[in-house]
Amino acid sequence: MVLLSGVVEIVLGLSLILLFKYRIQVGWIVATFFVLVFPGNIAQLVEHRNAFGLNTELARWLRLPLQPLLILVALWSTGAWHSWRKK
C-alpha cells in the first residue's frame, strides 16, 4: 500500500507540473488523495507504527494537523478553491 501511494504521489506531482491546463481538476484530485490517506495517518498513530521517519508519538501527532493544511494548499495553489467559490 505504501508503494502504491508513493507512485500515486509521484503521478499527482507530475500532473500538477505537466497538466497545467487542467490544474483546477488536478487540484481537486490531489486534495481528495490527501483526504483518502488521512485515515492511514491516524492508523499509524493509533497502532504505533514507525514509518517514513515518524518513529515517535510526538512526530505522529504533529503530522496529523499538517494533512488539512496540505489539502488547503492543494486547493489554493491550483485555483480550485477560488473556482469553487466563484460558482
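Tutor: The protein chain has four helices and zero strands. This is a predicted model, where local features need pLDDT of at least 70, side-chain atom pairs count only at pLDDT 80 or more, and totals for chains, interfaces and linings use all residues. Residues are numbered from 1 along each chain as its sequence is written, and side-chain values use heavy atoms, with hydrogens and water left out.

Student: What makes something a helix or a strand here?

Tutor: Both are DSSP runs, numbered from the N terminus: a helix is H or I over at least four residues, a strand is E over at least two. Read along the sequence, the pattern here is α-α-α-α.

Student: Why is Leu18 called exposed?

Tutor: Leu18 sits in helix 1 (residues 2-18). Exposed means over 50% relative accessible area, buried under 20%, and partly exposed in between (1.4 Å probe, protein chains only). Leu18 has 66%, so it counts as exposed.

Student: How many of the residues are buried?

Tutor: Buried residues make up 24% of the 87 in the protein chain.

Student: Which elements have the lowest and highest mean pLDDT?

Tutor: pLDDT is the predictor's confidence in each residue, from 0 to 100. Helix 1 has the lowest mean (87), and helix 2 (residues 23-46) the highest (92). The protein chain averages 89, and 98% of the residues score at least 70.

Student: What share of contacts joins residues at least 24 apart?

Tutor: A contact means heavy atoms within 4.5 Å. Among contacts between residues at least 6 apart in sequence, that share is 48%.
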